[in-house]
Amino acid sequence: MTRRINAHLVCGGWWHDFDYARLQLLQLLSEHIEIRTTVASDFEDIATIEACDVLISYTCNVRPSEAAQQAIRSWVERGGRFFALHATNS
């Protein structure tokens, strides 16, 4: 039996077709039966991020609040995996 992986996808922002990107990323993730994915357009659902195994982001001009930044940093320090794609550094 394969271990379940809880993923959280943050996909949203400006100047791009995020609906298309979100669909493509979810289709790729759905090819792996062990991955279960939740979705948001920002980083503010701290409880969901803290409960996931991997955080995947595809954003443009979306910045986490100070509280979300601190929560994400603590989560990564505890072993959470953050896969940051396009423009997440904005």
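Reader: What is a salt bridge, as the term is used for the side chains of D19 and R22?

Author: A salt bridge is a side-chain nitrogen of Lys or Arg within 4 Å of a carboxyl oxygen of Asp or Glu. In this predicted model, the side chains of D19 and R22 meet in such a contact, with 2.7 Å from N to O.

Reader: Where do D19 and R22 lie, and how many residues apart are they?

Author: Both belong to helix α1, which covers residues 18–30, and because they are three residues apart there, about one helical turn separates them. As for accessibility, D19 is exposed, with a relative accessible area of 56%, whereas R22 is partly exposed at 21%.

Reader: How many salt bridges does the structure hold?

Author: There are three salt bridges in the structure. Another of them joins R73 and E77, whose side chains meet at 3.1 Å, N to O; these residues sit four apart in helix α3 (residues 66–77), so that about one helical turn lies between them. Both R73 and E77 are exposed.

Reader: Which residue forms a salt bridge with D53, and how far apart are the closest N and O atoms?

Author: The partner of D53 is R3, and their closest N and O atoms are 3.2 Å apart. This pair links distant parts of the chain, since D53 lies in the loop between α2 (46–51) and β3 (54–60), while R3 lies in the segment before β1 (5–13), 50 residues apart.

Key: Residues numbered from 1 in each chain as written. Predicted model: local features only at pLDDT ≥ 70, side-chain atom pairs only at ≥ 80, totals over all residues. Heavy atoms only, no water. Helix = DSSP H or I, 4+ residues; strand = E, 2+ residues; numbered from the N terminus. Buried < 20%, exposed > 50% of the residue type's maximum accessible area, 1.4 Å probe, protein only.
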